[in-house]
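Open the structure in your viewer and keep the selection tool ready.

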Amino acid sequence: VRIDKFEEGLKVFNETKNKILEIEHTLAEIRKVREKEEKELQLWHENLNLMKSKIEKVDRDIFSKI
């Protein structure tokens, strides 16, 4: 094996290894953002259901008697 081919192969290997680490980091960041968004959506859904429940109660208690 020629030294220059070995060094070239080592360079490609290290670049690939670094790209994999970069991709892993990016995926971890995306996962964090996605989890945060999911929590926010769940909170919005809960708040919407609470408001809906209150509206239905007002409708039942006040407007249905008219």
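**Stops on the salt-bridge tour**

Select Asp61 to begin: its relative accessible area is 34%, so the residue is partly exposed. Here buried means under 20% relative accessible area, exposed means over 50%, and partly exposed lies in between (1.4 Å probe, protein chains only).

The model is predicted, so local features need pLDDT of at least 70 and side-chain atom pairs count only at pLDDT 80 or more, while totals for chains, interfaces and linings use all residues. Residues are numbered from 1 along each chain as its sequence is written, and side-chain values use heavy atoms, leaving out hydrogens and water.

Lys57 and Asp61 form a salt bridge, with their closest N and O atoms 2.5 Å apart. The term stands for a side-chain nitrogen of Lys or Arg within 4 Å of a carboxyl oxygen of Asp or Glu. Both residues sit in helix H1, four residues apart, about one turn of the helix. Helices are DSSP runs (H or I, at least four residues), numbered from the N terminus. Lys57 is partly exposed, at 45%.

Next, select Glu29 and Lys32. Their side chains meet in a salt bridge at 3.6 Å, N to O. This pair also lies in helix H1 (residues 3–61), three residues apart. Glu29 is partly exposed at 35%, whereas Lys32 is exposed at 53%.

Last, select Arg2 and Asp4. Their closest N and O atoms are 2.8 Å apart, in a salt bridge. Arg2 is exposed, with 53% relative accessibility, and Asp4 is partly exposed at 39%.

How many salt bridges does the rule count? The count is three.

Technical notes:
Helix = DSSP H or I, 4+ residues; strand = E, 2+ residues; numbered from the N terminus.
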